[in-house]
Amino acid sequence: MSRLHTAIVGAATLLVLAGCAATAGSGSATPPSSETATVPPAPSSSAPTADPEIGETADTRFGELPMPSATEPVLAVGTVIDSGTPMLCFNVATSYPPQCGGPAIVGWDWTAVAHEEASGVRWADLVALRTTYDAEAFTVTPTEPPLDPAALTMPAREIPAGDLDQASFAALQADLLTLERPDVLGHGGENGTYVVDVVYDDGSMQAAFDRVYGDGVIHVTSWFVD
């Protein structure tokens, strides 16, 4: 339940590669170093630990994991695909026409961007939008016309180095496979850290994972950036 650079084309490419490499269930992991750390075990149902900010107990943590919205505009770069409802997509299937899942775009205007069409599906690659995001409705609402991707400078995607071992990666993967939410784009091991890619995080999701697993075990990356 993994993953932006100085040149926009490179950034968007990394986004797609990261999304594909860390889709739910991939669980690919960086080989551990000789000194490896083990992830703190999640509390068992026989000895639940209270955590009022996540839920009644740590065992119900994923039921109330924050799902933050962006009420102020954020920047998103992705593919817009419309097979009935226009969507902004991070993970795109390499079919023809392409397919994907993502937040629906409110008030989308196809005359605003160059696009392709086949079999009743319209799409446009490398679309940069300044938009708000409603996590509950799973929609985005652009606040201005699409931006020129070539004129943008995106922040680098940086994954901190960790030293989790293979057993820890497997345990985290099994745990996070129970987290079925549209705003979780993928997850997997990278650079000795377990990375969770999400549509948007204002810091609250990272804080929640830190409370459950400890600092430095899970690293949350956000597709939308401030």
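**Helices, sheet and backbone**

Me: At about what angle does helix α2 run to β10?

Reply: Helix α2 (residues 166-176) lies across β9, β10 and β11. Helices (H or I, at least four residues) and strands (E, at least two) are DSSP runs, numbered from the N terminus. Axes are lines fitted to C-alpha atoms, for helices over the stretch in contact, with angles from 0 to 180 degrees between N-to-C directions; contact means heavy atoms within 4.5 Å. Against β10, the angle of helix α2 is about 25 degrees.

Me: What kind of model is this, and from which number are residues counted?

Reply: This is a predicted model, in which local features need pLDDT of at least 70 and side-chain atom pairs count only at pLDDT 80 or more, while totals for chains, interfaces and linings use all residues. Side-chain values use heavy atoms, leaving out hydrogens and water, and residues are numbered along each chain, as its sequence is written, from 1.

Me: Which strands stand at the edges of the sheet?

Reply: Three strands form an open sheet of mixed pairing, in the order β9-β10-β11; two strands pair if DSSP finds at least two bridges between them. Two of these strands have a single partner each, so one side of each is left without a neighbour in the sheet. They are β9 (184-190) and β11 (218-222).

Me: Which residue in β11 is the bridge partner of Val-196?

Reply: Strand β10 (residues 193-198) pairs with β11 in the parallel sense, over five bridges. Within β11, the bridge partner of Val-196 is Val-220.

Me: Does Phe-138 count as buried or exposed?

Reply: Phe-138 is placed in the loop between β7 and β8 (139-142), and its phi is positive, about 55 degrees, although it is not a glycine. Most residues other than glycine have a negative phi. Buried means under 20% relative accessible area, exposed over 50%, and partly exposed in between (1.4 Å probe, protein chains only). Because its relative accessibility is 17%, Phe-138 counts as buried.

Me: Why does Ser-119 count as exposed?

Reply: Ser-119 is found in the loop between β6 (116-118) and β7 (121-134). It has a positive phi of about 50 degrees, although it is not a glycine. Ser-119 counts as exposed because its relative accessibility is 71%.

Me: Which residue does a cis peptide bond join to Tyr-96?

Reply: Most peptide bonds are trans. Here omega is about 0 degrees, and the cis bond joins Tyr-96 to Pro-97.
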